[in-house]
Amino acid sequence: MEQGHRAGEADARIGLGMVARRTGDLAAAEEHMRAVRAWFRDSGYVPGTTLALAELGFTAELRGDADAARALHAEGLAAARALGDVRAVALALEGLAGAAAAAGEPGRAAGLRGAARTARASAGAPLPPAERHDVDRIWSVCRSALGPAAADAALARGAAHPTEAEPARGPAVGHAASWPT
């Protein structure tokens, strides 16, 4: 029974953390997601850990801490790749795109977004409209910084050659052909 109670608490905290981040309460978002990440790690539930890392990474990005965002998303990418969860890989790549944009690397950000798009396509799991907020926000930064044509070209390069879009620091992204389908 204790396990069921803790799982319910984790689910509630995920929802509260996601809403807090999306409404700009970054301190509350971080508090909830740190608790969730700790519980998932203690219970050995890696899929939950990848989600918590993504949310913490996006929170760090919104706070302007590109290095922390990059580290959190790189950790999530490594966990997602170890699981073979292509959708979690895509989410981590989208997060790394946000970290790159926050670090003033819009070309890299656009390439990472393209690599994430390739990962999602390989899994037959396009990003649902209700979950596009972060990707659309990051894409807006890329297009504003690079201009539409250069942003589209960087996106296309990242989609066609995911390894060339890998983070400046951290684990390699890997070829789309190596992603499970």
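**Entry 1: the model.** I note first that this is a predicted model. I will read every value below as computed from that prediction.

**Entry 2: fold.** I looked up the secondary structure. The protein has eight helices and zero strands. I then read the order from the N terminus, and the elements run α-α-α-α-α-α-α-α.

**Entry 3: burial and surface.** How much of the protein is buried? I find that buried residues account for 45% of its 181 residues. The protein exposes about 8,400 Å². Carbon and sulfur atoms supply 56% of that area.

**Entry 4: contact range.** I kept contacts between residues at least 6 apart in sequence. Of these, 61% join residues at least 24 apart.

**Entry 5: aromatic pairs.** How many aromatic pairs does the whole structure hold? My search returned two. One of them joins Trp-39 and Phe-40, with 5.4 Å centre to centre and 55 degrees between the planes. That pair is tilted. Phe-40 also pairs with Tyr-45. Here the ring centres are 5.3 Å apart and the planes stand at 55 degrees, so this pair is tilted as well. The angle is what I checked: stacked needs planes under 30 degrees apart, and edge-to-face needs over 60. I therefore log Trp-39, Phe-40 and Tyr-45 as a cluster linked by ring pairs.

Entry 6: Trp-39 comes out at 10%, so Trp-39 is buried. Phe-40 has 5% relative accessibility and counts as buried too. Tyr-45 has a relative accessible area of 45%, so I wrote it down as partly exposed.

**Entry 7: a charge over a ring.** I looked for a charged side chain sitting over an aromatic face. Arg-113 lies over the face of Trp-139. The distance to the ring centre is 4.6 Å.

**Entry 8: His-32.** Where does His-32 sit? I located His-32 in helix H2, which covers residues 26-43. Is His-32 buried or exposed? Its relative accessible area is 15%, so I list His-32 as buried. I then asked what His-32 touches, leaving aside neighbours within four places in sequence. The contacts are Arg-13, Leu-16 and Gly-17.

How values were computed: Residues numbered from 1 in each chain as written. Predicted model: local features only at pLDDT ≥ 70, side-chain atom pairs only at ≥ 80, totals over all residues. Heavy atoms only, no water. Phe/Tyr/Trp six-rings, centres within 6.5 Å; stacked < 30°, edge-to-face > 60°. Buried < 20%, exposed > 50% of the residue type's maximum accessible area, 1.4 Å probe, protein only. Lys NZ or Arg CZ within 6 Å of the ring centre and 35° of its normal. Helix = DSSP H or I, 4+ residues; strand = E, 2+ residues; numbered from the N terminus. Contact = heavy atoms within 4.5 Å. Areas by Shrake-Rupley, 256 points an atom, 1.4 Å probe, with all protein chains shown as cover.
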